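Hello,

Here is the structure I promised to pass on. Have a look at it first, and then read on for what turned up.

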Amino acid sequence: MIVDIRKWKHVFKLDPDRHISDEALDRLCLSGTDAIMVGGSSGVTFDNTVDLLSRIRQYEVPCVLEISNQEAIVPGFDLFLIPVVLNADDPKWIVGQHHEALKEYGSMLNWDEIIAEGYIILNSEATAAQLTSARTNLDTRDVAAYARMADKLFHMSIVYLEYSGVFGDMELVRRTRQVLENARLFYGGGIDSLEKAQQAAEVADTIVVGNIIYSDLEQGLQTVNVNFDRTGR
Ligand code: 1GP
C-alpha cells in the first residue's frame, strides 16, 4: 500500500505492550482515522508487535511502525518511522541506535518505506523523556531551532512535538509550525477530548492520539471528528 504521510491529519497510536480488545480495535480501525501508528517507549517486543500488526492487518487502514528498538523491527508494515530525538542528551537516541541498526540491516532496507521523524520531547515526566535524557526545558526559540534543524538541515519529513501524557503549549506548537517549510508538524500529548483535538488541529498538521484510547475509548474515538479546515497546507 502506498501511504502518503502528507495527507494524514489524525493518527491513533497503539502500544504493543498494552491490551486492546478486538472490539475496541475494530472501532479504532474503522473510525476514519488516517493511520494507525504502532509504537511505545517500553516493553515493545518482536512478539507483541507482530501480534498487534496481524490484528490491525484485518482492516484497510494504513498501519505504520514507529521503531523504538532494534529487537522489535517487524516486517509487513506500510511504513517505518524512525525517531531521531533531537533534544536527547544521550546520543544513543540521536544516532547511536540507528548506527547499530544500520550496521545490521543497512544493506537490505527498502528506503522508500522509511521516514525519519525529528522528535522534540517536551514533557519531562514522559517515559520517552527519561529514557533519552531529553532536555525538556526549552523555550520557543530553542524548539524552533530544532525544528529548522530537522526541516532544513536534515530534510526530515516529520517534526514531532511529543508531550506524551500531558496537553502541551499550543502557542509553542503554533510558532514551531510557522518555521517549517517542508516538514509536517506532528503533535502528540494529552489529547483526551474532541475539544483538545480541535485546539491541536488548529496549530499542527497532524495530531496523534494515544493514551485516551486505553482509558476512555469513547472520548478517544470522538477525536476523529476534528475539523482541520483552518490548517490545510
Ligand atoms: C504518544 O504522542 C503520543 O507518543 C500521544 O500522546 O498518549 O498523551 O495521547 P498521548
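Is arginine 27 buried, partly exposed or exposed? Please keep in mind that this is a predicted model. Arginine 27 is partly exposed, since its relative accessible area is 31%. Its side chain forms a salt bridge with glutamate 218, and the closest N and O atoms are 2.7 Å apart. This pair links distant parts of the chain, with arginine 27 in helix α1 (residues 22-29) and glutamate 218 in helix α9 (residues 217-222), 191 residues apart. Glutamate 218 is partly exposed too, at 44% relative accessible area.

The count of salt bridges comes to 11, and a few others may interest you. Arginine 135 and aspartate 89 meet through their side chains at 3.2 Å, N to O.

Lysine 152 and glutamate 181 form another salt bridge, at 2.9 Å from N to O. Here helix α5 holds lysine 152, while glutamate 181 belongs to the loop between α6 (170-179) and β7 (184-188), 29 residues apart. Lysine 152 is partly exposed at 38%, whereas glutamate 181 counts as exposed, because its relative accessible area is 54% and the cut-off for exposed is over 50%.

Now to the annotated positions. The unreviewed UniProt entry gives a "binding site" feature that includes Lys13, Leu161, Glu162 and Gly210. Two of these, Lys13 and Glu162, are joined with Glu66 in a network of salt bridges. Leucine 161 lies in strand β6 (residues 158-162) and is buried, with a relative accessible area of 0%. Among the residues that leucine 161 touches, leaving aside those up to four places away in sequence, are Ile120, Leu122, Val143, Leu172, Phe186 and Tyr187. Glycine 210 is found in the loop between β8 (206-209) and α8 (212-215), and it is partly exposed at 22%.

One last item is on the surface. Leu102, Leu109 and Trp111 form a nonpolar patch there, with about 290 Å² of accessible area together. Tryptophan 111 is in the loop between α3 (96-105) and β5 (114-121).

Definitions and conventions:
Residues are numbered from 1 along each chain as its sequence is written. This is a predicted model: local features need pLDDT of at least 70, side-chain atom pairs count only at pLDDT 80 or more; totals for chains, interfaces and linings use all residues. Side-chain values use heavy atoms; hydrogens and water are left out. UniProt positions are given in the numbering used here, feature names are shortened, and annotations may be inferred rather than shown by experiment. Helices (H or I, at least four residues) and strands (E, at least two) are DSSP runs, numbered from the N terminus. Buried means under 20% relative accessible area, exposed over 50%, partly exposed in between (1.4 Å probe, protein chains only). Contact means heavy atoms within 4.5 Å. Patches are made of residues with over 30% relative accessible area and no salt bridge: like charges are joined within 9 Å, nonpolar side chains (Val, Leu, Ile, Met, Phe, Trp, Tyr) within 5 Å. Accessible areas come from the Shrake-Rupley method with a 1.4 Å probe; for residues, only the protein chains shown count as cover. A salt bridge is a side-chain nitrogen of Lys or Arg within 4 Å of a carboxyl oxygen of Asp or Glu.
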